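Here are my notes on the model, written as numbered points. Keep the structure open beside you while you read.

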Amino acid sequence: MGTRTEAARQERKLTRKGQETRRRIVAAAAQLMYERGVTEATLEDVRAAAGVSGSQVYHYFADKQALLLAVIEYQTESVLDMQQPLFADLDTMEGLRRWRDALVEYQLRLQCRGGCPIGSLGSEVAETNPEARLAAATGFLRWEAAIRSGLQAMHDRGELDSDPEELALATLAALQGGLLITQLQRQVRPLEVALDAMLAHIESHTTRA
């Protein structure tokens with residue numbers, strides 16, 4: 001949360017042109033790190049891809065670490081924004097199934113390539129970069145909270161007799177495992193099986209199952 005607040009505070013200090021330039025740099029870095037990995041994506045690569053000068057890159061980011069943290073925030077926002085219209089309906093089994101279908105359809109459009117942007121970054125930095133690991137973990141916490149909100153609403157209405165927090169964490173874990181195996185196998189079935197099993201488990205704990 002602190003990283004997100006600090007990034008927003010820094011961006012508000014910029015002119016509109018400065019905000020656009022900063023976002024262009026972050027977007028270019030995000031794409032390069034997604035395609036090549038954090039280590040292989042150099043600041044020179046980012047500069048060239050964003051169409052800016054080296055001095056502009058260092059004007060907005062003190063070093064590659066600062067840029068990496070901005071990329072993790074960018075990818076988190078992208079992942080959550082894409083699902084935002086569906087999050088409001090995760091308080092019903094029908095809404096959960098629509099969310100599941102949208103995630104599967106998105107992987108089909110990607111031809112099962114790329115995996116989870118947050119997870120991919122997180123796995124690269126988990127053992128070598130504590131600050132970036134925490135930033136990626138925070139992204140997952142926000143994702144988990146969005147899932148939990150719907151399940152909590154079901155629980156509050158008396159329609160779910162299991163712990164919403166545990167179910168939300170298990171759902172996100174199933175999703176991440178499904179995405180990884182889907183990426184490795186280049187077929188969407190692992191994601192479908194993981195999510196279907198989790199939704200069946202949730203439904204078994206509904207009072208209207």
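1. Start with Arg133, which is in contact with Val125 and Ala126 once its neighbours within four places in sequence are left aside; contact here means heavy atoms within 4.5 Å. Arg133 sits in helix H8. Helices (H or I, at least four residues) are DSSP runs, as are strands (E, at least two), and they are numbered from the N terminus. With a relative accessible area of 39%, Arg133 is partly exposed, because buried means under 20% relative accessible area, exposed means over 50%, and partly exposed is in between (1.4 Å probe, protein chains only). Go 12 residues along from Arg133 and you reach Ala145, 18 Å away from C-alpha to C-alpha.

2. A quick word on what you're looking at. This is a predicted model, where local features need pLDDT of at least 70, side-chain atom pairs count only at pLDDT 80 or more, and totals for chains, interfaces and linings use all residues. Residues are numbered from 1 along each chain as its sequence is written, and side-chain values use heavy atoms, with hydrogens and water left out.

3. How much should you trust it? The score to check is pLDDT, the predictor's confidence in each residue, from 0 to 100. The protein chain has a mean pLDDT of 92, and 92% of its residues reach 70 or more. Confidence is highest in helix H10 (residues 189-204), at a mean of 98, and lowest in helix H1 (residues 2-12), at 54. Where pLDDT is low, the predicted coordinates should not be read in detail.

4. The structure holds one aromatic pair. Its partners are Phe140 and Trp143, which are stacked, at 6.3 Å centre to centre with 15 degrees between the planes. For the cut-offs, rings of Phe, Tyr and Trp (its six-membered ring) pair if their centres lie within 6.5 Å; planes under 30 degrees apart count as stacked, over 60 as edge-to-face and the rest as tilted. Both residues belong to helix H8 and are three residues apart, about one turn of the helix. Are the two partners buried or partly exposed? Trp143 counts as buried because its relative accessibility is 2%, while Phe140, at 22%, counts as partly exposed.

5. Next, look at Ser162, in the loop between helix H8 (130-156) and helix H9 (164-185). Its relative accessible area is 18%, so Ser162 is buried. Not counting residues up to four places away in sequence, Ser162 touches His155, Leu167 and His205.

6. That brings us to His205, in the segment after H10. With residues up to four places away in sequence not counted, His205 touches Glu159, Leu160, Asp161 and Ser162. His205 is partly exposed, at a relative accessible area of 23%. For a sense of scale, the C-alpha atoms of His205 and Lys64 are separated by 46 Å, and the two residues are 141 apart along the chain.

7. Now the empty space. Rolling a probe the size of a water molecule over the atoms shows where empty space is left. The largest pocket has a volume of about 440 Å³. Of the 21 residues that line it, Tyr34, Gln75, Val79, Tyr106 and Pro117 are the closest to its centre. Helix H2 (16-36), helix H5 (64-87), helix H6 (93-109) and H9 each give two or more residues to the lining, and H5 gives the most, with six. A pocket is an open set of points on a 1 Å grid over the protein atoms alone, where a 1.4 Å probe fits and protein lies on both sides within 12 Å along at least five of seven lines; lining residues have an atom within 4 Å of a point. Grid points are joined across faces, edges and corners, and the volume is the space filled by probe spheres set on them.

8. What is that lining made of? The residues divide into 14 nonpolar, six polar and one charged. Ala, Val, Leu, Ile, Met, Phe, Trp, Tyr, Cys and Pro count as nonpolar, Asp, Glu, Lys and Arg as charged, and the others, Gly among them, as polar.

9. Finally, check two backbone angles. Gln111 is not a glycine, yet its phi is positive, near 60 degrees. Gln111 lies in the loop between H6 and helix H7 (117-125) and is exposed, with a relative accessible area of 55%. Arg186 is not a glycine either, and has a positive phi of about 55 degrees. Arg186 is in the loop between H9 and H10 and counts as partly exposed, at 41% relative accessibility.
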